[in-house]
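Reader: I've got a model open and I'd like to learn how to read it. Can you walk me through it?

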Amino acid sequence: MKIKDKFKIKNPLISFEIFPPKANYPVDTIYDSIDELYSLYPDFMSVTYGAGGSTKDRTIEISSHIQNKCNLTSIAHVTCISSSRNEINNIINSLKKNNIHNVLALRGDYPKDAAYTPPNDGFKNSVELIEYLRKNTNLCIGAACYPEKHPEAYDLNADIDFLKRKADSGADFLITQMFFDNELFYDFYDKVHKKGINLPIITGIMPILNKNQINTILNLTGNMIPVKLRRILDKYENNPVALTEAGISYAISQTIDLLSWGVDGIHIYTMNKPSTAKKILGSISAIRGVLTNESKSS
Ligand code: FAD
(Lines give C-alpha, C1' and ligand atoms only; values in the text may rest on other atoms or scores of the structure.)
Protein backbone atom coordinates (compact mmCIF):
# COMPACT_ATOMS: atom_id res chain seq x y z
CA MET A 1 0.00 0.00 0.00
CA LYS A 2 1.12 3.55 -0.61
CA ILE A 3 2.07 5.38 2.56
CA LYS A 4 0.18 8.50 1.42
CA ASP A 5 -3.01 6.39 1.44
CA LYS A 6 -2.31 5.10 4.94
CA PHE A 7 -2.62 8.65 6.30
CA LYS A 8 -6.21 8.71 5.02
CA ILE A 9 -7.21 5.80 7.24
CA LYS A 10 -4.88 6.22 10.23
CA ASN A 11 -3.07 9.09 11.90
CA PRO A 12 -0.52 9.08 13.44
CA LEU A 13 1.48 6.39 11.68
CA ILE A 14 4.23 4.49 13.47
CA SER A 15 7.25 3.35 11.47
CA PHE A 16 10.67 1.82 11.99
CA GLU A 17 13.90 2.39 10.14
CA ILE A 18 16.42 -0.41 9.72
CA PHE A 19 19.69 -0.64 7.83
CA PRO A 20 21.03 -3.59 5.80
CA PRO A 21 23.73 -5.73 7.48
CA LYS A 22 27.33 -5.10 6.38
CA ALA A 23 28.42 -6.88 3.18
CA ASN A 24 30.39 -9.57 5.09
CA TYR A 25 27.27 -10.65 7.04
CA PRO A 26 24.55 -12.74 5.41
CA VAL A 27 21.54 -10.63 4.52
CA ASP A 28 19.18 -12.84 6.51
CA THR A 29 20.85 -11.84 9.81
CA ILE A 30 18.36 -8.94 9.76
CA TYR A 31 15.28 -11.10 9.31
CA ASP A 32 14.89 -12.05 12.98
CA SER A 33 14.98 -8.35 13.90
CA ILE A 34 12.37 -7.63 11.24
CA ASP A 35 10.13 -10.35 12.70
CA GLU A 36 10.43 -8.83 16.17
CA LEU A 37 9.75 -5.34 14.88
CA TYR A 38 6.80 -6.62 12.86
CA SER A 39 5.22 -7.98 16.06
CA LEU A 40 4.99 -4.38 17.34
CA TYR A 41 2.41 -3.49 14.67
CA PRO A 42 4.22 -0.72 12.81
CA ASP A 43 2.43 0.85 9.85
CA PHE A 44 5.52 0.51 7.68
CA MET A 45 9.25 -0.17 7.81
CA SER A 46 11.93 1.74 5.93
CA VAL A 47 15.27 0.37 4.76
CA THR A 48 18.25 2.69 4.38
CA TYR A 49 20.56 2.92 1.40
CA GLY A 50 24.29 2.80 2.09
CA ALA A 51 26.42 5.79 1.12
CA GLY A 52 26.96 5.93 -2.64
CA GLY A 53 24.54 3.05 -3.21
CA SER A 54 26.78 0.55 -1.42
CA THR A 55 23.79 -1.46 -0.14
CA LYS A 56 21.58 -0.95 -3.20
CA ASP A 57 20.79 -4.65 -3.78
CA ARG A 58 20.32 -5.39 -0.09
CA THR A 59 18.07 -2.38 0.38
CA ILE A 60 15.76 -3.72 -2.32
CA GLU A 61 16.05 -7.32 -1.11
CA ILE A 62 15.17 -6.42 2.49
CA SER A 63 12.39 -4.03 1.44
CA SER A 64 10.99 -6.85 -0.69
CA HIS A 65 11.18 -9.29 2.24
CA ILE A 66 9.18 -6.86 4.42
CA GLN A 67 6.67 -6.15 1.66
CA ASN A 68 6.17 -9.65 0.29
CA LYS A 69 7.13 -12.11 3.05
CA CYS A 70 5.87 -10.13 6.05
CA ASN A 71 3.07 -8.50 4.09
CA LEU A 72 3.91 -5.15 5.69
CA THR A 73 4.32 -1.91 3.73
CA SER A 74 7.96 -1.12 3.08
CA ILE A 75 9.76 1.93 1.78
CA ALA A 76 13.18 1.76 0.19
CA HIS A 77 15.52 4.72 0.67
CA VAL A 78 17.36 5.70 -2.53
CA THR A 79 20.12 8.28 -2.87
CA CYS A 80 21.03 9.74 -6.27
CA ILE A 81 24.26 11.71 -5.89
CA SER A 82 26.52 8.89 -7.08
CA SER A 83 24.12 7.30 -9.58
CA SER A 84 23.67 7.65 -13.31
CA ARG A 85 20.16 7.94 -14.74
CA ASN A 86 20.48 4.36 -15.93
CA GLU A 87 21.26 3.16 -12.40
CA ILE A 88 18.22 4.99 -11.04
CA ASN A 89 16.10 3.43 -13.81
CA ASN A 90 17.35 -0.01 -12.77
CA ILE A 91 16.37 0.68 -9.18
CA ILE A 92 12.91 1.84 -10.27
CA ASN A 93 12.51 -1.40 -12.24
CA SER A 94 13.60 -3.48 -9.24
CA LEU A 95 11.11 -1.69 -7.00
CA LYS A 96 8.35 -2.38 -9.51
CA LYS A 97 9.37 -6.02 -9.93
CA ASN A 98 9.36 -6.49 -6.15
CA ASN A 99 5.97 -4.91 -5.59
CA ILE A 100 7.45 -2.02 -3.55
CA HIS A 101 5.25 1.07 -3.89
CA ASN A 102 7.15 3.57 -1.74
CA VAL A 103 10.51 5.28 -2.09
CA LEU A 104 12.32 7.83 0.10
CA ALA A 105 13.95 10.06 -2.52
CA LEU A 106 17.24 11.47 -1.27
CA ARG A 107 20.29 13.16 -2.69
CA GLY A 108 22.65 11.57 -0.17
CA ASP A 109 25.88 12.98 1.22
CA TYR A 110 28.62 13.98 -1.20
CA PRO A 111 31.34 11.31 -1.29
CA LYS A 112 34.37 12.39 0.79
CA ASP A 113 36.69 11.36 -2.05
CA ALA A 114 38.16 14.63 -3.39
CA ALA A 115 38.36 13.17 -6.92
CA TYR A 116 34.61 12.54 -7.01
CA THR A 117 32.65 13.94 -9.94
CA PRO A 118 28.90 13.37 -10.21
CA PRO A 119 27.68 11.33 -13.20
CA ASN A 120 26.90 13.65 -16.15
CA ASP A 121 23.38 12.42 -16.67
CA GLY A 122 22.56 12.03 -12.96
CA PHE A 123 20.59 14.09 -10.46
CA LYS A 124 22.16 16.97 -8.53
CA ASN A 125 19.71 17.05 -5.66
CA SER A 126 16.57 15.45 -4.27
CA VAL A 127 14.29 17.85 -6.17
CA GLU A 128 15.61 16.61 -9.51
CA LEU A 129 15.15 13.00 -8.37
CA ILE A 130 11.61 13.64 -7.09
CA GLU A 131 10.64 15.37 -10.38
CA TYR A 132 11.97 12.41 -12.34
CA LEU A 133 10.22 9.82 -10.16
CA ARG A 134 6.93 11.74 -10.28
CA LYS A 135 7.07 12.00 -14.08
CA ASN A 136 8.18 8.44 -14.78
CA THR A 137 6.69 6.26 -12.05
CA ASN A 138 3.58 5.72 -10.02
CA LEU A 139 5.58 5.42 -6.77
CA CYS A 140 4.56 7.10 -3.54
CA ILE A 141 7.44 9.48 -2.83
CA GLY A 142 8.75 10.47 0.60
CA ALA A 143 11.42 13.14 1.11
CA ALA A 144 13.66 14.24 3.97
CA CYS A 145 13.24 17.45 5.96
CA TYR A 146 15.37 19.07 8.63
CA PRO A 147 13.76 20.84 11.63
CA GLU A 148 17.20 22.18 12.59
CA LYS A 149 18.07 22.88 8.90
CA HIS A 150 20.36 20.79 6.74
CA PRO A 151 24.05 21.53 7.52
CA GLU A 152 24.51 22.84 3.93
CA ALA A 153 21.60 25.28 4.11
CA TYR A 154 22.37 28.97 4.67
CA ASP A 155 19.59 29.20 7.25
CA LEU A 156 16.29 27.53 8.14
CA ASN A 157 14.27 29.78 5.81
CA ALA A 158 16.47 28.87 2.84
CA ASP A 159 16.11 25.21 3.74
CA ILE A 160 12.32 25.53 3.89
CA ASP A 161 12.35 27.29 0.48
CA PHE A 162 14.10 24.20 -0.86
CA LEU A 163 11.62 21.96 0.95
CA LYS A 164 8.80 23.79 -0.87
CA ARG A 165 10.46 22.77 -4.13
CA LYS A 166 10.45 19.13 -2.96
CA ALA A 167 6.73 19.41 -2.23
CA ASP A 168 5.98 21.16 -5.54
CA SER A 169 7.97 18.53 -7.44
CA GLY A 170 5.71 15.77 -6.21
CA ALA A 171 6.76 14.52 -2.78
CA ASP A 172 3.81 12.88 -1.01
CA PHE A 173 5.05 13.07 2.57
CA LEU A 174 8.10 14.00 4.63
CA ILE A 175 10.22 12.29 7.27
CA THR A 176 12.31 14.50 9.55
CA GLN A 177 15.91 14.20 10.47
CA MET A 178 16.20 13.20 14.12
CA PHE A 179 15.90 16.00 16.67
CA PHE A 180 15.97 16.09 20.45
CA ASP A 181 14.09 19.29 21.23
CA ASN A 182 10.41 19.09 20.26
CA GLU A 183 9.98 22.87 20.47
CA LEU A 184 12.34 23.20 17.49
CA PHE A 185 10.08 20.86 15.53
CA TYR A 186 6.93 22.81 16.48
CA ASP A 187 8.54 26.08 15.26
CA PHE A 188 9.65 24.32 12.07
CA TYR A 189 6.15 22.94 11.47
CA ASP A 190 4.68 26.39 11.84
CA LYS A 191 7.12 27.86 9.30
CA VAL A 192 6.58 24.96 6.87
CA HIS A 193 2.81 25.48 6.96
CA LYS A 194 3.14 29.24 6.55
CA LYS A 195 5.19 28.48 3.43
CA GLY A 196 2.21 26.53 2.04
CA ILE A 197 3.69 23.05 2.47
CA ASN A 198 0.81 20.87 3.58
CA LEU A 199 2.31 17.39 3.39
CA PRO A 200 2.13 14.95 6.31
CA ILE A 201 5.34 15.08 8.34
CA ILE A 202 6.57 12.01 10.19
CA THR A 203 8.93 12.86 13.04
CA GLY A 204 12.21 10.97 13.44
CA ILE A 205 13.08 9.73 16.93
CA MET A 206 16.55 8.43 17.70
CA PRO A 207 16.90 6.81 21.15
CA ILE A 208 20.36 7.58 22.51
CA LEU A 209 21.93 4.32 23.67
CA ASN A 210 25.58 5.23 24.14
CA LYS A 211 28.00 8.13 24.20
CA ASN A 212 29.74 7.41 20.88
CA GLN A 213 26.44 7.48 19.11
CA ILE A 214 25.71 11.05 20.19
CA ASN A 215 29.10 12.28 18.95
CA THR A 216 28.52 10.64 15.55
CA ILE A 217 25.07 12.22 15.33
CA LEU A 218 26.35 15.67 16.23
CA ASN A 219 29.08 15.50 13.59
CA LEU A 220 26.62 14.36 10.96
CA THR A 221 23.60 16.52 11.62
CA GLY A 222 24.67 19.50 13.72
CA ASN A 223 21.74 18.72 16.06
CA MET A 224 21.20 20.78 19.18
CA ILE A 225 21.31 18.87 22.46
CA PRO A 226 18.82 20.33 24.95
CA VAL A 227 20.03 20.96 28.51
CA LYS A 228 17.85 18.12 29.83
CA LEU A 229 19.49 15.56 27.54
CA ARG A 230 22.97 17.02 28.06
CA ARG A 231 22.54 16.49 31.83
CA ILE A 232 21.71 12.82 31.22
CA LEU A 233 24.73 12.36 28.95
CA ASP A 234 27.08 14.05 31.43
CA LYS A 235 25.75 12.22 34.44
CA TYR A 236 25.73 8.69 32.97
CA GLU A 237 28.52 8.81 30.38
CA ASN A 238 30.53 6.22 32.33
CA ASN A 239 27.59 4.01 33.18
CA PRO A 240 26.48 2.46 29.87
CA VAL A 241 23.50 0.61 31.34
CA ALA A 242 22.14 3.73 33.04
CA LEU A 243 22.80 5.80 29.93
CA THR A 244 20.83 3.37 27.75
CA GLU A 245 17.97 3.33 30.23
CA ALA A 246 17.87 7.13 30.48
CA GLY A 247 18.26 7.51 26.68
CA ILE A 248 15.24 5.30 26.04
CA SER A 249 13.20 7.13 28.70
CA TYR A 250 14.09 10.42 27.02
CA ALA A 251 12.91 9.06 23.65
CA ILE A 252 9.66 7.86 25.26
CA SER A 253 8.88 11.24 26.80
CA GLN A 254 9.75 12.98 23.52
CA THR A 255 7.40 10.60 21.66
CA ILE A 256 4.53 11.12 24.10
CA ASP A 257 4.87 14.90 23.79
CA LEU A 258 4.88 14.69 19.97
CA LEU A 259 1.82 12.45 19.93
CA SER A 260 -0.03 14.72 22.36
CA TRP A 261 0.80 17.67 20.13
CA GLY A 262 -0.68 15.79 17.17
CA VAL A 263 2.14 14.82 14.80
CA ASP A 264 1.31 12.79 11.69
CA GLY A 265 3.69 10.01 12.60
CA ILE A 266 6.62 8.73 14.63
CA HIS A 267 9.55 7.16 12.79
CA ILE A 268 11.89 5.31 15.13
CA TYR A 269 15.51 4.99 14.06
CA THR A 270 15.81 1.50 15.53
CA MET A 271 19.55 0.94 14.84
CA ASN A 272 18.36 -2.65 14.16
CA LYS A 273 17.60 -3.10 17.88
CA PRO A 274 14.04 -4.39 18.30
CA SER A 275 14.37 -4.29 22.11
CA THR A 276 14.63 -0.49 22.03
CA ALA A 277 11.62 -0.08 19.77
CA LYS A 278 9.74 -2.54 21.99
CA LYS A 279 10.38 -0.44 25.10
CA ILE A 280 9.24 2.75 23.39
CA LEU A 281 6.11 1.25 21.88
CA GLY A 282 5.37 -0.67 25.08
CA SER A 283 5.11 2.69 26.83
CA ILE A 284 2.64 4.14 24.36
CA SER A 285 0.40 1.16 23.58
CA ALA A 286 -2.73 2.71 25.08
CA ILE A 287 -1.89 6.06 23.50
CA ARG A 288 -1.58 4.33 20.11
CA GLY A 289 -4.73 2.34 20.77
CA VAL A 290 -2.84 -0.86 19.99
CA LEU A 291 -2.76 -3.67 22.49
CA THR A 292 0.32 -5.81 21.98
CA ASN A 293 0.46 -9.31 23.47
CA GLU A 294 2.54 -7.93 26.33
CA SER A 295 0.19 -5.08 27.20
CA LYS A 296 -2.83 -7.41 26.91
CA SER A 297 -1.43 -9.66 29.61
CA SER A 298 -0.24 -6.89 31.93
P1 FAD B 1 18.70 17.58 -0.76
O2 FAD B 1 17.32 17.80 -0.35
O3 FAD B 1 18.96 17.50 -2.24
O4 FAD B 1 19.67 18.72 -0.26
C5 FAD B 1 20.08 18.87 1.09
C6 FAD B 1 20.04 20.32 1.49
O7 FAD B 1 20.95 21.07 0.68
C8 FAD B 1 18.67 20.93 1.28
O9 FAD B 1 17.88 20.74 2.44
C10 FAD B 1 19.00 22.37 0.97
O11 FAD B 1 19.18 23.11 2.16
C12 FAD B 1 20.38 22.30 0.29
N13 FAD B 1 20.25 22.31 -1.19
C14 FAD B 1 20.55 21.29 -2.04
N15 FAD B 1 20.41 21.68 -3.32
C16 FAD B 1 20.03 22.99 -3.29
C17 FAD B 1 19.72 23.96 -4.30
N18 FAD B 1 19.76 23.68 -5.60
N19 FAD B 1 19.35 25.19 -3.91
C20 FAD B 1 19.28 25.51 -2.58
N21 FAD B 1 19.57 24.63 -1.58
C22 FAD B 1 19.94 23.39 -1.93
N23 FAD B 1 21.55 9.09 3.62
C24 FAD B 1 21.94 7.94 3.01
O25 FAD B 1 23.05 7.87 2.45
N26 FAD B 1 21.13 6.82 3.02
C27 FAD B 1 19.90 6.83 3.59
O28 FAD B 1 19.21 5.83 3.58
C29 FAD B 1 19.46 8.03 4.24
N30 FAD B 1 18.24 8.10 4.81
C31 FAD B 1 17.80 9.28 5.36
C32 FAD B 1 16.51 9.35 5.90
C33 FAD B 1 16.04 10.54 6.45
C34 FAD B 1 14.65 10.59 7.02
C35 FAD B 1 16.89 11.68 6.48
C36 FAD B 1 16.41 12.95 7.11
C37 FAD B 1 18.17 11.62 5.96
C38 FAD B 1 18.65 10.44 5.37
N39 FAD B 1 19.92 10.33 4.81
C40 FAD B 1 20.33 9.17 4.21
C41 FAD B 1 20.85 11.48 4.88
C42 FAD B 1 20.78 12.37 3.62
O43 FAD B 1 21.24 11.62 2.53
C44 FAD B 1 21.66 13.58 3.87
O45 FAD B 1 21.09 14.42 4.82
C46 FAD B 1 22.04 14.36 2.61
O47 FAD B 1 23.10 15.25 2.93
C48 FAD B 1 20.92 15.20 2.02
O49 FAD B 1 19.97 14.46 1.36
P50 FAD B 1 18.61 15.20 0.90
O51 FAD B 1 17.81 14.30 0.08
O52 FAD B 1 17.97 15.89 2.04
O53 FAD B 1 19.31 16.30 -0.07
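Author: Let's go from the overall fold to one strand, then the core, the ligand shell and a few backbone details.

Author: Ground rules come before that. This is a predicted model, where local features need pLDDT of at least 70, side-chain atom pairs count only at pLDDT 80 or more, and totals for chains, interfaces and linings use all residues. Residues are numbered from 1 along each chain as its sequence is written.

Reader: Fine. How many helices and strands are there in the protein?

Author: Helices (H or I, at least four residues) and strands (E, at least two) are DSSP runs, numbered from the N terminus. Here you get 13 helices and eight strands. The radius of gyration is 19 Å, close to the 19 Å that the globule rule gives for 298 residues, so the protein is as compact as a globular protein of that length. That radius is taken over C-alpha atoms, and the globule rule is 2.2 Å times the number of residues to the power 0.38. Along its principal axes, the C-alpha trace spans about 55 × 45 × 40 Å.

Reader: What percentage of the residues count as buried?

Author: A residue is buried if 20 or more other C-beta atoms lie within 10 Å of its own, exposed if 12 or fewer, and partly exposed in between, with C-beta atoms placed from the backbone. By that count, 39% of the 298 residues are buried.

Reader: Show me a strand. How is strand 8 covered, and which strands does it pair with?

Author: Strand 8 spans residues 265-269, and five of its five residues are buried. Gly 265, His 267 and Tyr 269 cover one side, Ile 266 and Ile 268 the other. As for pairing, two strands pair if DSSP finds at least two bridges between them. Strand 1 (residues 13-18) pairs with strand 8 in the parallel sense over five bridges, and Phe 16 has Ile 268 as its bridge partner. Strand 7 (residues 201-205) also runs parallel to strand 8, joined by four bridges, with Gly 204 partnering His 267.

Reader: Which residues have the most contacts inside the largest nonpolar core?

Author: Such a core is a set of buried Ala, Val, Leu, Ile, Met, Phe, Trp, Tyr and Cys residues joined through C-beta atoms within 7 Å. The largest one has 69 residues, and those with the most contacts inside it are Ala 76, Val 78, Val 103, Ala 105, Ile 130, Ile 141 and Leu 174. Contact means that two C-beta atoms, placed from the backbone, lie within 7 Å. Leaving out residues up to four places away in sequence, Val 78 touches Tyr 49, Ile 91, Val 103, Leu 104, Ala 105 and Leu 106.

Reader: And which residues are closest to the ligand?

Author: A residue belongs to the shell if its C-beta atom, placed from the backbone, lies within 6 Å of the molecule. The shell has 22 residues, and the closest are Thr 48, His 77, Arg 107, Asn 125 and Ala 153. Strand 3 (74-79), strand 4 (102-106) and helix 6 (156-169) each give two or more residues.

Reader: Is Asn 99 buried or exposed?

Author: Asn 99 counts as exposed because it has 11 C-beta neighbours inside 10 Å. Its phi is near 65 degrees, a positive value in a residue other than glycine.
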